[in-house]
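Welcome, and please open your viewer. We will go from stop to stop, and at each one you will hear what to select and what to look for.

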Amino acid sequence: MTTSDIGEIRRLAHDIRLETLKALTGLGFGHYGGCMSVVETLAVLYGDVMRIDPADPDWPERDYLVLSKGHAGPALYSTLAIKGYFPLAELATLNQNGTRLPSHPDRLRTRGVDATTGSLGQGVSIAAGMALSHQLGGRRNRVFSILGDGELNEGQCWEAFQFIAHHNLNNLTLFIDYNKQQLDGLLDEVIKPFDLAGKFRAFGFEVATVKGDDINAICAAVAPVRNGEQRPLVVILDSIKGQGVAYLERLANSHHLRLTPDVKREIEQAIADMEAADV
């Protein structure tokens, strides 16, 4: 990729982060931390890797994204709006009565959403079914799925991983948002993940571990189209909850915030700083 290409993806990540912050702050509550930590991955996928057509969201030859960690829906909505699936102004309706942008993705309501998610553990099974369908049909569509690290507490994830490896679904790439926090606290305090990379290798996956904000590394891991000789790929994103927003990164738990006056003031200042930044 050229320096210009990377610059465009970096600009897209900046805009996704900014629009997501504005939408959540306008609402007054939401999943700030887990939205921020997947921004760069969404920017790489929608800015470079995935074959998409915003004018035709149901294009049969498109690539698919399943946001298994559905609570990061606002970041996906910002991405879709910026790419032209629906007007940017619609982000202000996030989670409001009658909105097309519910708190978690719904494929029947939101243009550009490929799968309804929110019940953790289920999205990756949907992604596996999609990938198997494309494999059996001899189609070249790729499927991508983003999971939370706390989501891996769900046994259904590991059943799906075994299914994916057994069928060698190398048209499916998984991202694990390893931000080390979940709803109830630190990952290591709730259920230790131990050696995630080792677990996935033992299940039959190829594994790449990258910094969650390293656009170059994420691109390098997922941009090449995979062939029949390769195993399914897991990209472990070594990320930070609240990534890219210093105030959120410092919080003990930014999984879901209801904005007190002090918190709102801090986030509004972060928004103002981002709007003034020369990216």
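Start by selecting C157, a cysteine that is buried, with a relative accessible area of 0%. Here, buried means under 20% relative accessible area, exposed means over 50%, and partly exposed is in between (1.4 Å probe, protein chains only). Now select C219 as well: C219 is also buried, with a relative accessible area of 3%.

A word on what you are looking at: this is a predicted model, in which local features need pLDDT of at least 70 and side-chain atom pairs count only at pLDDT 80 or more, while totals for chains, interfaces and linings use all residues. Residues are numbered from 1 along each chain as its sequence is written, and side-chain values use heavy atoms, with hydrogens and water left out.

**Stop 1: the cysteines**

How many disulfides does the structure hold? The count is zero, where a disulfide is a pair of cysteine sulfur atoms within 2.5 Å. For C157, the nearest cysteine sulfur belongs to C35 and is 18 Å away, and C157 is in no disulfide.

**Stop 2**

Move on to W158, which sits in helix α6 (residues 155-166). Helices (H or I, at least four residues) and strands (E, at least two) are DSSP runs, numbered from the N terminus. W158 counts as buried, at 17% relative accessibility. Show its surroundings: leaving aside neighbours within four places in sequence, W158 is in contact with L152, K199, F200 and F203. Contact means heavy atoms within 4.5 Å.

**Stop 3: the sheet**

Now select the strands β2, β3, β4, β8 and β7. In that order, these five strands form an open sheet with parallel pairing. Two strands pair if DSSP finds at least two bridges between them. Which strands are at the edges? They are β2 (64-67) and β7 (206-211), each pairing on one side only. On average, neighbouring strands of this sheet are turned by 20 degrees against each other, direction ignored.

Zoom in on β4 (residues 172-178) and β8 (residues 233-238): six bridges join these parallel strands. Select T173 and you will find L233 of β8 standing opposite.

**Stop 4: a buried serine in a loop**

Go to S254, in the loop between α10 (246-250) and β9 (257-258). Is S254 buried or exposed? S254 is buried, with a relative accessible area of 1%. Not counting residues up to four places away in sequence, S254 touches Y32, G33, Q181, K241, G242 and L248.

**Stop 5: two helices together**

Finally, select helix α1 (residues 3-27) together with α11. Two packed helices are described by the angle between their axes and the distance between the axes. For α1 and α11, the angle is about 150 degrees and the axes are 10 Å apart. Axes are lines fitted to C-alpha atoms, for helices over the stretch in contact, and angles run from 0 to 180 degrees between N-to-C directions. That angle makes α1 roughly antiparallel to α11; angles under 35 degrees count as roughly parallel, over 145 as roughly antiparallel, 65 to 115 as roughly perpendicular and the rest as oblique.

Show the side chains where the helices meet: H14, R17, L18, L21, K22 and T25 in α1 face K264, I267, E268, I271, M274 and E275 in α11.

End on I267, part of α11 (residues 261-276). I267 is buried, with a relative accessible area of 1%. Draw a line from I267 to T25: the two are 242 residues apart in sequence, yet 7.6 Å apart in space, C-alpha to C-alpha.
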